[in-house]
Amino acid sequence: MLTIAVAGNPNTGKSTIFNLLSNGHAKVGNWPGVTVDKKIGEVKHKTFNAKLVDLPGIYALDAWSEDERVARDYLQSGEPDLLINVLDCTNLERNLYLTTIFQEMGVKMLVVLNMIDVAEKNKIIIDLKKFENELGSPVIAVSALRSNSKERIINKIMELQNANGKTANICPNSTDDELLAEWRYKRIENVMAASVKKGISPYVQNDKIDKIIMSKYFGLPIFLLVMYLLFFLTIELGGLFIDYFDMAFGAVFVDGVRYVLESIKMPEIIIAILSDGVGSGIQALSTFLPIIFLLFFFMGLLESSGYMARAAFVMDRIMRVMGLPGKAFIPMLIGFGCSVPAIMATRNLENKRDRILSVFMVPFMSCGARLPVYILFATVFFPENADVMVFALYLTGIVLAIATGLLLKGIVYRGSLAPFIMELPLYHRPSIKAVTLNALFRLKAFIKKVGKLLVPIIAILGLLNSAGLLEIIGKAIVHVFAPMGVSSNNWQAAVALFSGLFAKETIIGAFSSLTSTPMQEAFNNSSAAAFAFLLFVLLYVPCVAAVSAAAREVGFALVILQALYSTILGWCLAVLFYQIAEGNSLPSIVTAAVLLPVTVLGVVLYARKSGRFWS
Amino acid sequence: MSQSISSLKPGDKAVVERYAPDVGRDYKLKLLALGLTKGTEFTVVKVSPLGDPIEIELRGYRLSLRRHEAEVISCSQ
C-alpha cells in the first residue's frame, strides 16, 4: 500500500488536512525512542487506498528538537512513498523554507496550500501555474471548509503516481549555516515575487483583540481568569461525572462480573481475580475519563482559538524563574485538580527537560483526592483553625514544588532553558468537531498507555486487600512511621497509607473501615502527629495512576526516582515536624536531618549523571 | 548604528545585521529557518504585559522571542 507522510510548519492546519483525508480516524503510536505522538490514518476513496502518517509540526530538519529529528529520520527511512507538505497560504514565505529543504532532500512531494479561503479573504492572490513552475514541485490550493478538497487532493496524488513523479532537483551552493539560509530565502523571495501578490495584513483584526487581551493592565488578570475557568470547568464539571463513571463501571466490571461468574459457579479465586482485581482496576481507570476528556477538550479550545500561545507569552517571565517556559503553568494548575491529567498536559511542552522538571513538580500540588483527607483530619484535630491547617499544607506543597524546580534547574540543568521561539497564531473560531476528535484521541492514548500499567497494579493491590493481606502488611510497615507519631497499635494508619497508593482519597475510607477507635485516640490525641501524618500524605508517592502517567512521559527510572524523592522527603519532614513539636527524640531528628540532604544529593547526582542523555 | 533587538520599542523598524559569534548553533539555525537572515527587515509589534518576551513582524508573519536571548542579533535602524 502507498504510504503518505504529512508534514509542515506548526499552525498550518496540518491536522485538519490529515483528518480530512483520513475521515477523522487515526491510530496512536509512538515514534521510536521519543515521547512524540505518532498519528497513523488511512485514506480511502473509491479505489484509492493509502496509509497516512502525520509528522510533527516543524520549521526545518536540523534535528534541533525531538520533533525535527523524528521527521528527518522518518523521511530518510525510505518508508514514505510521497510527502504532502501543508503550507499556510497567509504565511507562505516562512512556510516555504521547509519546502525548499524537502526539495533539497529530493523527496517526492505534493505541496498543499491550505486555507486558500482565508488568503482570498485577505486579497492575497496566488498565480498557481507560475507558483508551481517557479517552485518546481506540484502544487494544489485547498480549503478544508470546501467539500471537494479531499477528492481534489486524492486526484492530484493519483496523477502524480501515474506521472511517475519527477522530483525537483535542487542543490544548495553552500554549507555555511548563514549563507545556506540566505540562499534558500533568496529562492523563496524569487518564487514569491513572480507569483504571489501580497494582500492586506491578516493582523489588523487580530491587533484590535490583542489590544485588550494582551494589554499591560488587563493581560495578567485575563490570563488568571482564563486559567481559573480551565481549572474550574475541568475539575468541577469533570468531578460531577466521576461518581457516575465510578458507579457504572463498578456495577458492570466488579459486581456484574462477580454476579455472572457466581451464577456459572466459578471458583472464588477466579472471581476475586476478575472482579476485585481486574474489575476494580478498570473501575479506577474509568473515574479519570471525564476529567481527562474535559481537560483536553478545554485545552484544545484554548489551543485552537489562539489563546494558549498568548498565555505562554504572558507567563513566560514568571515561570522562567523556575527554569520553565510559560506554558508549564498549565500542568501546575491542573495539578491542584488531579496529577494524572496534569502529567499528561506536560506533553505540550517542547523540551524533554521541561517535561521532566514539570513531572517532578506536579505531584507536590495538592490534588483533589488529598483535600478530603486534609479536611477530615483538620476538622477533628484543629476544629478552631482547620482552614489554616489545610492552607498550610497547600502552601507547603507549592513551596516544595518551587524548591524542587529551583534545585533541578540550578544544579542539574543549569543554563539549559530552551530558547523561547514561538508564534502567536491569529485568533480563530475553534471547530468543536476537531477539538472533540483531538480530545478523544488523547483519551484513547490515555486508556491504552496508562491503563496498561494502572489496571494490573490496582488488580494486584485489590487482590491483596480481598485476601486479607493488608493487615499483615500494615503491621509490618507501621514501625517505619513510628518516628512521625504513628504508634505501632495504630497499624490501620499504615494500611490507610498503603491503600492511598491506589488513590489518595481512599485513605480515610480504609482507615475508618478498619477500626472503630476514634481518630483522636488512634493518634494518641496528638495534633502534631496528625499534622505530620498529613504532611506525609501530601508528599509520599503519588497514586499509581499518576505514577503510570508519569512513566509514560519520562520513563520508569525517573518516575521511581521521583517517587523515592518525594516519599523520603515526606518522611523526613513529617518526622522533623513531629519530633520538634512533640516527640523530642534526638535519634529520630538526627536520622531525618541527615536523610533529607542525602536524598536531595542523591537525586541531584543521579539526575546529573543521566541528564546528559536528556538534553 | 548597530544595536541589539532588545533595545527596540514597539513600532521600531530595524534590519538584521549579524549574529554574535558566540551564539549557540541550534538557536541560530532556528532563527535562520524562521527567516531572520542578514538584511531582513522587521518591526517590533508587541511586548508581553510583564515586559518580556517581545513580538516582531518579519516576512509577513510574527515571531516571539525573549529579550536577552534575541540579543545575539545585532541590527541597524
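**A packed helix, a sheet and a chain contact**

Author: The buried residues of H24(A) pack against helix H14 (339-345), helix H15 (352-361), helix H18 (432-466) and helix H25 (556-583) of chain A. This is a predicted model, where local features need pLDDT of at least 70, side-chain atom pairs count only at pLDDT 80 or more, and totals for chains, interfaces and linings use all residues. Residues are numbered from 1 along each chain as its sequence is written, with chains lettered from A and ligands numbered from 1 in the order in which they are written.

Reader: How many residues of helix H24 of chain A are buried?

Author: Helices are DSSP runs (H or I, at least four residues) and strands are too (E, at least two), numbered from the N terminus. Buried means 20 or more other C-beta atoms within 10 Å of a residue's own, with C-beta atoms placed from the backbone. H24(A) spans residues 544-554 and is mostly covered. The buried count is 11 of its 11 residues.

Reader: Which residue just after H24(A) takes a positive phi?

Author: The phi there is about 95 degrees. The residue is Gly555(A).

Reader: What is the strand order in the open sheet of chain A?

Author: Two strands pair if DSSP finds at least two bridges between them. The sheet has seven strands with mixed pairing. Its edge strands, S2 (27-30) and S8 (139-141), each pair on one side only. The order is S2-S3-S4-S1-S5-S6-S8.

Reader: How many bridges join S3 to S4 in chain A?

Author: S3(A) covers residues 37-45, S4(A) covers 48-54, and the two run antiparallel. Val43(A) stands opposite Ala50(A) in S4(A). The bridge count is seven.

Reader: At what angle does helix H5 of chain A run to S8(A)?

Author: Axes are lines fitted to C-alpha atoms, for helices over the stretch in contact, and angles run from 0 to 180 degrees between N-to-C directions. H5(A), residues 128-135, lies across S6 (109-114) and S8 of chain A. The angle is about 145 degrees.

Reader: Which element gives the largest share of the side of chain B that touches chain A?

Author: Two residues are in contact if their C-beta atoms, placed from the backbone, lie within 7 Å. The contact takes 28 residues from chain B and 32 from chain A. Helix H1 (25-33) and strand S5 (61-65) of chain B each supply at least two residues of that side of chain B. The largest share, seven residues, comes from H1(B).

Reader: Which residue in S5(B) is the bridge partner of Ile421(A)?

Author: S10 of chain A, residues 421-422, pairs with S5(B) in the antiparallel sense over two bridges. The partner of Ile421(A) is Leu65(B).

Notes. Buried ≥ 20, exposed ≤ 12 C-beta atoms within 10 Å, placed from the backbone.
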